[in-house]
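Okay, thanks for having me.

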Amino acid sequence: MHKIKYIPEKYIRKKSTDFVIWHDENMGKGEIKILENAVLSAFKYISLLKLIKHKRILNFCIYSNLTEGCKILQRDILANMLMAPYTDEINSLIILFPPSISCVTPENLTRHLIHEIAHCFIDEKTGSKKELEDNDKDMRIESWKSEGLAEVISYYALGREKELEQKKFSDLSDKLLNENLNDLNSKVRGKAFEIATAKVFLEIQKFGLNKYFDSMSKNC
Ligand SMILES: [Zn+2]
């Protein structure tokens, strides 16, 4: 019995060195192995940045299929989507579906995992807690900043920060950015994502990634 929201009770817990993978008993061993290797690789890259000594346990849940996942999360999401829908003082959760594991290149999966792990680190650093549909009442960082920073961290971790210079900046208000990022159906979500990334990258070029991350506090 566990208390991590969005993980079905019947799922099996597989403990790895620094994280836990949850899955259905019928999940293929190959899928689990691909995920485990990608998480290990994501961890290796993100730890090079020395951002945080994280204490929250990182949990990864592979839903059996999209229908089951959407039902549990109570929202329609895309099969290739990874998401960090839950965190409390002890646990962080990242969810995904088998297509996300088998239909993308290992490099893409690793980068995407770094992005989601970065969200978990940001939440812990700012003392944030979250679950879906709670209107971010316990989030201590705005959505645009969290999205932009998670994206920037994923590029830095892989030594691809030069690519961030291509991100187009435009002066959209923080409020509009937050609204469009929080709405999974927003037609300009991709654009908002790019602007948020460009905004955070601009700040990080001034202060440096570690200084910027360190400056985030529980009052962020
Ligand atoms: Zn994100």
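**Helix H7 and its surroundings**

Let's start with H7, which has 19 residues and reaches 27 Å from its first C-alpha to its last, close to the 27 Å expected at 1.5 Å a residue. The expected span here is 1.5 Å times one less than the number of residues in the helix. Helices (H or I, at least four residues) and strands (E, at least two) are DSSP runs, numbered from the N terminus.

Before I go on, the caveats. This is a predicted model, with local features needing pLDDT of at least 70, side-chain atom pairs counting only at pLDDT 80 or more, and totals for chains, interfaces and linings using all residues. Residues are numbered from 1 along each chain as its sequence is written.

Back to H7. Which residues of H7 are buried? They are Ala192, Ile195, Ala196, Thr197, Lys199, Val200, Phe201 and Ile204. By buried I mean 20 or more other C-beta atoms within 10 Å of the residue's own; 12 or fewer is exposed, in between is partly exposed, and the C-beta atoms are placed from the backbone. The cover over those buried residues includes H5, H6 and helix H8 (209-215).

Now the packing. Two packed helices are described by the angle between their axes and the distance between the axes. For us, axes are lines fitted to C-alpha atoms, for helices over the stretch in contact, and angles run from 0 to 180 degrees between N-to-C directions.

H5 and H7 pack at about 75 degrees, with their axes 8 Å apart. That angle makes H5 roughly perpendicular to H7. On the H5 side, the contact uses Trp144, Lys145, Glu147, Gly148, Leu149, Glu151 and Val152, and on the H7 side Phe193, Ala196, Thr197, Lys199, Val200, Phe201 and Ile204. Contact means C-beta atoms, placed from the backbone, within 7 Å. Sorted by class, that contact has eight nonpolar, two polar and four charged residues. Ala, Val, Leu, Ile, Met, Phe, Trp, Tyr, Cys and Pro count as nonpolar, Asp, Glu, Lys and Arg as charged, and the others, Gly among them, as polar.

What about H6 (residues 174-182) against H7 (residues 189-207)? Here the angle is about 130 degrees, again with axes 8 Å apart. H6 and H7 are therefore oblique to each other. H6 contributes Leu177, Asn180 and Leu181 to the contact, and H7 contributes Arg189, Ala192, Phe193, Ile195 and Ala196.

**Helix H4**

On to H4, residues 106-125. Its 20 residues should span 28 Å at 1.5 Å a residue, and the end C-alpha atoms are 28 Å apart, which agrees. Is H4 enclosed or open? It is largely enclosed by the rest of the structure, because 15 of its 20 residues are buried. Just after H4, Gly127 takes a positive phi of about 70 degrees.

**Loops**

Quick reminder: most residues other than glycine have a negative phi. Gln74, which is not a glycine, has a positive phi of about 55 degrees. Gln74 sits in the loop between helix H2 (66-73) and strand S4 (83-87), and with 9 C-beta neighbours inside 10 Å it counts as exposed. Asp136 also has a positive phi, near 55 degrees. Asp136 lies in the loop between H4 and helix H5 (143-157), and its 17 C-beta neighbours inside 10 Å make it partly exposed.

The loop between H4 and H5 also holds Glu131, which is partly exposed, with 15 other C-beta atoms within 10 Å. Leaving aside neighbours within four places in sequence, Glu131 is in contact with Lys5, Pro85 and Tyr86. Asp138 is in that loop too, partly exposed with 14 other C-beta atoms within 10 Å. With the neighbours within four places in sequence left out, Asp138 is in contact with Ser128, Lys129 and Lys130.

Last stop, Cys103, in the loop between helix H3 (98-102) and H4. Cys103 counts as exposed, with 12 C-beta neighbours inside 10 Å. Cys103 and Asn80 are 23 residues apart in sequence and 8.0 Å apart in space, C-alpha to C-alpha.

Notes:
Parallel < 35°, antiparallel > 145°, perpendicular 65-115°, else oblique. Contact = placed C-beta atoms within 7 Å.
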